[in-house]
2 protein chains.
Amino acid sequence: MSTDTTRTAILRAAERLYAERGFSDVTLRDIVAAAEVNLAAVNYHFGSKDELITELFVTRSIATNRERLNQLKAAEAAGGGRAPVEAVLRALVGPTLRGCLGPDSERSDAARFMIRATIEAIAPIHKIKNREIDHLRKFAAALRRSLPGKADAEIYWGLHFALAMAHQTVRDSERLTRLSDGKCDLDDVEGVINRVVAVTALALTASKPAADDKAPARRGR
Amino acid sequence: MSTDTTRTAILRAAERLYAERGFSDVTLRDIVAAAEVNLAAVNYHFGSKDELITELFVTRSIATNRERLNQLKAAEAAGGGRAPVEAVLRALVGPTLRGCLGPDSERSDAARFMIRATIEAIAPIHKIKNREIDHLRKFAAALRRSLPGKADAEIYWGLHFALAMAHQTVRDSERLTRLSDGKCDLDDVEGVINRVVAVTALALTASKPAADDKAPARRGR
DNA sequence: GTCTATAGAGTGATAGAC
DNA sequence: GTCTATCACTCTATAGAC
């Protein structure tokens, strides 16, 4: 309790500032000022600025991925080993969108930090990003179970587009709000999730299947 | 000819470096080294680093928007004032994707620079970004003509998702290639454009219309 | 563990010779 | 218009007192 109060203060302040302003123009001095700790504390607790960012990213990355996999597992268990396409996609984009949008900015910092981290070309994170591919493969496998006969490429394009819509919505929510004069309600998080899931599911199920016939819908061992 | 050879050398080098490495870690010294000109030349020709970036962004922004509008205009003229949804979307995402993807890295720098510029939180550009909203309104209006009776919010979501898919494809093409083990062919630019257009058009036409009936498909006033 | 003070290497911008 | 030289400033990282 007495131990890491400074440490967590730094982590929280860094996450909030990076989420708000991006990595380019947030300095260690900004962080320690917001955390109300001393400049040297950062190097004492984390070693360097890059290691601080890495720790932040790894922690959040693990948490998000775990939440995604839990939801995927639950959906597949409920369906006897095979989840509907919509459920798989919901498990993929739901955690991120729920964290980023909506009026409660509680977990917002964490999720917006992650979006920024995956977008901006920041050195320490680029190395870790490979793990996300392994993570996505699990969702590709789940979709393959949901859509037997669908070509692999179609499934990958579906995942890619689902993440694209989710991320862009978080990243550039301001533009959509302004463009639509508020007609697109970004505070309705579940509504946004439903949209992303519906569009992707439509794309995955409506287009031509891989080889033989149409929709071997259910029960396929 | 003798006049602005230095000036354009700086512009080209800056665009290439920013496209490749992002704005965060490209310095004026990197730029002048790549352009093989003197450090002071940047401030002489552009006044400041921010003004250099601004000039780059404004120039490319105007060019892209003009190409988009030309294609939109041509499509609407061919349809007697009303273009198919697919044609409107193609005019929107085609120029960007054609510039960014594909084996020819000729215009690639310009387009990838633009993607980076719209994403990374870079001060001088944030101010200009408002103009893009006015530009997008023209495509919203075109879609409204193509889809009478469709709710405005649906149209805005469609534009938003189309741009999301196009931008993410450019930005993170590496991840999709690796995830799919090359099964998703990003060198097939027209194929990618067709995918983005098809998914968006599907979302715009398949979902529930605004108020009354289904699909007042063609010929409406 | 936390602080002050400072080192050491960058940065963008500019003055002034040519 | 182009160069050299340098200013003023910022950054991260660290040494050493407490």
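Me: How far is a phosphate oxygen of DNA strand C from an N or O atom in the side chain of B:Lys49?

Reply: This is a predicted model, where local features need pLDDT of at least 70, side-chain atom pairs count only at pLDDT 80 or more, and totals for chains, interfaces and linings use all residues; side-chain values use heavy atoms, with hydrogens and water left out. Residues are numbered from 1 along each chain as its sequence is written, while chains are lettered from A and ligands numbered from 1 in the order in which they are written. A polar contact is a pair of N or O atoms within 3.5 Å (within protein, one must be able to donate a hydrogen and the other to accept it, and residues adjacent in sequence count only if both atoms are side-chain atoms). For B:Lys49 and the phosphate oxygen of DNA strand C, the distance is 2.9 Å.

Me: Which elements give two or more residues to the surface near DNA strand C?

Reply: A residue is near a strand if one of its heavy atoms lies within 4 Å of it, and helices (H or I, at least four residues) are DSSP runs numbered from the N terminus. Around DNA strand C there are 13 residues, with A:Thr6, A:Asn38, A:His45, B:Thr27 and B:Lys49 the closest. The elements are α3 of chain A together with α2 (28–35) and α3 of chain B.

Me: On DNA strand D, how far is a phosphate oxygen from a polar side-chain atom of B:Thr6?

Reply: Let's take the phosphate oxygens here one residue at a time. A:Thr27 uses a polar side-chain atom at 3.1 Å, whereas A:Lys49 uses a polar backbone atom at 2.9 Å. For B:Thr6 the value is 2.7 Å.

Me: How many nonpolar, polar and charged residues has the surface near DNA strand D?

Reply: Helices from both chains give two or more residues to this surface: α2 (28–35) and α3 (39–46) of chain A together with α3 (39–46) of chain B. Ala, Val, Leu, Ile, Met, Phe, Trp, Tyr, Cys and Pro count as nonpolar, Asp, Glu, Lys and Arg as charged, and the others, Gly among them, as polar. By class, there are 5 nonpolar, 6 polar and 2 charged.

Me: How far apart are the end C-alpha atoms of residues 27–46 of chain A?

Reply: UniProt lists these residues as "DNA-binding region" in an unreviewed entry; its positions are given in the numbering used here, feature names are shortened, and annotations may be inferred rather than shown by experiment. The stretch 27–46 of chain A is 80% helix and 0% strand. Its end C-alpha atoms are separated by 15 Å.

Me: What area is buried between chain A and chain B?

Reply: Contact means heavy atoms within 4.5 Å, and 44 residues of chain A are in contact with 44 of chain B. Buried area is the accessible area (1.4 Å probe) that two parts lose on being put together, summed over both. Carbon and sulfur atoms give 64% of it here, and the total is about 4,400 Å².

Me: How many salt bridges are there between chain A and chain B?

Reply: A salt bridge is a side-chain nitrogen of Lys or Arg within 4 Å of a carboxyl oxygen of Asp or Glu. One of them joins A:Asp152 to B:Lys183, with the closest N and O atoms 3.0 Å apart. The count is 8.

Me: Which element gives the most to the side of chain A that touches chain B?

Reply: At least two residues each come from α6 (108–119), α8 (130–146), α9 (152–171), α10 (173–179) and α11 (189–206) of chain A. With 14 residues, the one giving the most is α9(A).
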